[in-house]
Amino acid sequence: MGFKPMFIFKDNERQGNAQVFATRAEAHGSAESLFMRWTQPEAFYTEETNDPVNYRHVDGVDHRL
């Protein structure tokens, strides 16, 4: 089990990417970091997934495993 950063765009469209983190805190940190840089999303959240973990979020930076 892992956690994905998810983003809410105009008209309540929800999108994620291929990143999956081991903890909800890592996924949240990644989503928050991207949200602060992107201009299109209106909000962000995390979503539980059965996809394999492929990223870590350490000191504000995403690292591919």
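**View 1. Phe7, a buried aromatic residue.** Phe7 has a relative accessibility of 2% and therefore counts as buried. The model shown here and in the other views is predicted. The structure contains 3 aromatic pairs. In one of them, the ring centres of Phe7 and Trp38 are 4.8 Å apart and the ring planes meet at 45°, so this pair is classed as tilted.

**View 2. Placement of the Phe7 and Trp38 pair along the chain.** Phe7 belongs to strand S1 (residues 2–8). Trp38 sits in the loop between helix H1 (24–37) and strand S3 (43–49). The pair therefore ties together parts that lie 31 residues apart in sequence. Trp38 is partly exposed, because its relative accessibility is 38%.

**View 3. The pair formed by Phe35 and Phe44.** Here the ring centres are 5.2 Å apart, and the planes of Phe35 and Phe44 are at 50°, so the pair is tilted. Phe35 has a relative accessible area of 22% and is partly exposed. For Phe44 the relative accessible area is 22%, which makes this residue partly exposed. Buried would need a value under 20%.

**View 4. Glu26 and its contacts.** Glu26 is part of helix H1. With a relative accessibility of 11%, Glu26 counts as buried. When neighbours within four places in sequence are set aside, Glu26 contacts Phe21, Arg56 and His57.

Key
Residues numbered from 1 in each chain as written. Predicted model: local features only at pLDDT ≥ 70, side-chain atom pairs only at ≥ 80, totals over all residues. Heavy atoms only, no water. Phe/Tyr/Trp six-rings, centres within 6.5 Å; stacked < 30°, edge-to-face > 60°. Helix = DSSP H or I, 4+ residues; strand = E, 2+ residues; numbered from the N terminus. Buried < 20%, exposed > 50% of the residue type's maximum accessible area, 1.4 Å probe, protein only. Contact = heavy atoms within 4.5 Å.
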